[in-house]
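Morning, everyone. I have one structure to walk through today. Please have a look at it before I start.

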Amino acid sequence: MSDAAPVPHRDTEEPAFPAAADRSQWRYRPRRSFWRSRLVRAIAVVTLLALCALVILALVREQTGTQGFLVGLGLAVLPVPLLMSAFRWLDRVEPGPWKNMLFAFAWGAFAAALVAILANSFAVRWIATATADPDSADTLGATVIAPVVEESAKAAAILLLFLFRRKDFGGLVDGVVVAGFTATGFAFTENILYLGNAFGEDQEFGSSGLGSVTAATFFVRVVMSPFAHPLFTVLTGIGFGFAALAPRGKRLRRVLLPLAGLLLAMGLHAAWNGSATFGGPLAFYAVYGALMVPAFGLLTWLAVWSRQRELRTISGELPAYAAAGWLAPTEPLALSSMRARQMARSFAARTYGPPAARAVGEYESFATTLAFLRDRARRGTAGPDFPAREQELLHHLWQRRAVASPALTYAARATGRAWAPPQYLDYDGYNPYRS
């Protein structure tokens, strides 16, 4: 033991180390568990969704046939761009990452659809065997089992993003958009199945044209009610959105609100399926007009109101930074208007070129995130790392201020959101505004 090296003695509060060697020369590296690697987790998620896609598409093609599958695929894809564009429009104030939206869509189209088709089939067969009444089993499956299974499977995508992408899930709009993308993906796969089966039935009986089953199915599912599944799942998304706004100490509220939204989604889904199962066409159209259309209008109003609320949050939180000198006084006025934002980017592109327009867009994005971060801090939901995140965002803004501030000031004045001084012109050497 006498030959052992002495333990270095620390005289100061902070040990003084020389500059560390380059990372490539390190002998000891910080170890990380295998699953903590982002690349590994991304590969695992992509692999899982790809396997689900292969299985569900194979099952659908087996049920519809190759021709029915291709026809159903071609018709089912038509409403997808419209729905995705609508939900993305709602998310323009602080757009969520595309990777989150693509995950939500893929989960709905492949994972949730696979869980639904397997669980629904198993439940219906089990009920039919237990009761020896296949007709009642089909009815019970459509009105009770399917809403519970399908809405739970779709809600899993919202839950995963809520838990693991919490910084991108800040309120009602985020919940609505994630739920909308998930349900759009689910409806896409389900429409392939229904339209493919309808085409197979037309081929068997020789039907064609507007009187065919395919045309009727397309009209009901794609023309009349493309928003049906998104409408159901948006209720779950609203529950998660309210949970995201709840203070950190309100854990019970964070659990109960998503559950309440999920139960409402199941109930509306059950009413929709039950109207077609029990009442025939008249009951279906009655529920469509008396329940679905008003619910769709109410949720559309709520989504637009939430979007306007986000803009009001920007106009309410950013003036504090303008008073501290980080922003120009007119910038919060421009940043709280989508028209002024677009005009600022266009002005920068015309004046300084595309890189300047990109810098203005990044400035707008960072400023929006800063406003929402400050709003969450005021409500007690920002977390203990708020000062560090605030400083980082202010650093990004300061780096782009030289280009973005004049563009936003111009946009605020051009849109009438800020007072613009008149152009003082001399008339034969006389100017009444000069002293």
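Let's begin with a pocket. α1 (38–76), α3 and α4 (134–164) each supply at least two residues of the lining of the second largest pocket. Keep in mind that this is a predicted model. Which helix gives the most to that lining? α1 does, with 8 residues. The volume of this second largest pocket is about 970 Å³. It has 22 lining residues, and the closest to its centre are Arg41, Ala42, Val45, Phe164 and Arg165. By class, the lining splits into 14 nonpolar, 1 polar and 7 charged residues.

Now the largest pocket. Its volume is about 1300 Å³. There are 48 residues in the lining, and those closest to the centre are Ala142, Glu190, Tyr194, Arg221 and Asn273. The top contributor to this lining is α5, with 11 residues. How does the lining of the largest pocket divide by class? We get 28 nonpolar, 16 polar and 4 charged residues.

How many cavities of 30 Å³ or more turn up in a search of the whole structure? The answer is 1. The largest cavity holds about 60 Å³ of space. Its lining is made by Asp91, Gly96, Asn100, Met101, Leu161, Arg165, Asp168, Phe169, Asp174 and Val178. In class terms, the cavity lining has 4 nonpolar, 2 polar and 4 charged residues. Note Arg165: this residue lines the largest cavity, and it is also among the residues closest to the centre of the second largest pocket.

Take α3 and α5. α3 covers residues 98–131 and α5 covers residues 172–205. Their axes are 7 Å apart, and the packing angle is about 45°. That angle makes α3 oblique to α5. What is the hand of the crossing? It is right-handed.

Who touches whom here? From α3 we have Trp98, Met101, Ala104, Phe105, Gly108, Ala109, Ala112, Ala113, Ala116 and Ile117. They meet Val177, Val178, Phe181, Thr182, Thr184, Gly185, Phe186, Phe188, Thr189 and Leu193 of α5. The contact residues divide into 15 nonpolar, 5 polar and no charged.

On to α4 and α7. Helix α7 runs over residues 228–245. The axes of α4 and α7 come within 10 Å and cross at roughly 35°. This crossing is right-handed. On the α4 side, the contact uses Glu150, Glu151, Lys154, Ala155, Ile158, Leu159 and Phe162. On the α7 side, we find His229, Phe232, Thr233, Thr236, Gly237, Phe240, Ala243 and Ala244. How many of the contact residues are charged? There are 3, along with 8 nonpolar and 4 polar.

Last pair: α12 and α14. α12 is residues 338–352, and α14 is residues 386–414. They pack at an angle of about 125°, with axes 8 Å apart. The two helices are therefore oblique to each other. α12 passes α14 in a right-handed crossing. Ala340, Met343, Ala344, Phe347, Ala348 and Arg350 come from α12. Facing them in α14 are Ala407, Leu408, Tyr410, Ala411 and Ala414. By class, this contact has 10 nonpolar residues, no polar ones and 1 charged.

A quick recap before discussion. Over to you.

Methods:
Residues are numbered from 1 along each chain as its sequence is written. This is a predicted model: local features need pLDDT of at least 70, side-chain atom pairs count only at pLDDT 80 or more; totals for chains, interfaces and linings use all residues. Side-chain values use heavy atoms; hydrogens and water are left out. Axes are lines fitted to C-alpha atoms, for helices over the stretch in contact, and angles run from 0 to 180 degrees between N-to-C directions. Helices (H or I, at least four residues) and strands (E, at least two) are DSSP runs, numbered from the N terminus. Angles under 35 degrees count as roughly parallel, over 145 as roughly antiparallel, 65 to 115 as roughly perpendicular and the rest as oblique. A crossing is left-handed if the near helix is turned anticlockwise from the far one by less than a right angle, and right-handed if clockwise. Contact means heavy atoms within 4.5 Å. Ala, Val, Leu, Ile, Met, Phe, Trp, Tyr, Cys and Pro count as nonpolar, Asp, Glu, Lys and Arg as charged, and the others, Gly among them, as polar. On a 1 Å grid over the protein atoms alone, a cavity is a set of points where a 1.4 Å probe fits but cannot get out, and a pocket is an open set with protein on both sides within 12 Å along at least five of seven lines; lining residues have an atom within 4 Å of a point. Grid points are joined across faces, edges and corners, and a volume is the space filled by probe spheres set on the points.
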